[in-house]
Amino acid sequence: MPDPKGVIEIEALGRTWRLLFNNRAYRTIEKELGYELARVREGVHEVTVLLWGGLLAHHPDATLQTADEIIDELGYETIAGVISEALQQSPPLARKTSTS
């Protein structure tokens with residue numbers, strides 16, 4: 001059953017990791033990539049940054065190297081699938097509304 005808060009758990013590197021794509025994750029990911037999430041095409045760097053950003057809510061000391069090591073252990077395709085699932089469960093981004 002999906003977590004109502006959008007948290008996805010994975011086992012890697014001998015521990016449980018929790019992914020959550022919240023506003024902090026989106027902001028951090030966009031800052032690292034230098035462009036908006038809407039432009040993400042799942043390149044290797046993008047998947048690494050997405051994983052890292054998703055880890056930060058529950059693992060604030062996670063680094064890009066941590067994400068690299070998790071991807072190396074579980075595989076790119078597995079992590080891309082986990083990220084896809086986590087993004088689908090995450091809260092939607094706030095949408096700007098026009099006041100005019």
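Me: Hi! Which residue is the bridge partner of glutamate 11 in β2?
Reply: Hello! In this predicted model, glutamate 11 has threonine 16 as its bridge partner in β2.

Me: Nice. And how do β1 and β2 pair, in the parallel or antiparallel sense?
Reply: Antiparallel, over five bridges. Strand β1 covers residues 8-12, and strand β2 covers residues 15-19.

Me: What about the turn, how many residues sit between the strands of that hairpin?
Reply: There are two residues between the strands, and leucine 13 takes a positive phi near 55° in this hairpin.

Me: Switching to rings: which residue lies over the face of tryptophan 17?
Reply: That would be arginine 15, at 4.0 Å from the ring centre. Tyrosine 35 has a charge over its ring too: the charged end of arginine 39 sits 4.5 Å from the centre of that ring.

Me: And how many aromatic pairs are there?
Reply: The count comes to zero.

Me: OK, on to tyrosine 76. Where does it lie?
Reply: Tyrosine 76 is in helix α4, which spans residues 76-89.

Me: What does it touch, leaving aside neighbours within four places in sequence?
Reply: Tyrosine 76 is in contact with Glu42, Gly43, Val44, Val47 and Ile71.

Me: And how far apart are tyrosine 76 and threonine 48?
Reply: They are 28 residues apart in sequence and 9.1 Å apart in space, going C-alpha to C-alpha.

How values were computed:
Residues are numbered from 1 along each chain as its sequence is written. This is a predicted model: local features need pLDDT of at least 70, side-chain atom pairs count only at pLDDT 80 or more; totals for chains, interfaces and linings use all residues. Side-chain values use heavy atoms; hydrogens and water are left out. Helices (H or I, at least four residues) and strands (E, at least two) are DSSP runs, numbered from the N terminus. Contact means heavy atoms within 4.5 Å. Rings of Phe, Tyr and Trp (its six-membered ring) pair if their centres lie within 6.5 Å; planes under 30 degrees apart count as stacked, over 60 as edge-to-face and the rest as tilted. A charge sits over a ring if NZ of Lys or CZ of Arg is within 6 Å of the ring centre and within 35 degrees of the ring normal. Two strands pair if DSSP finds at least two bridges between them.
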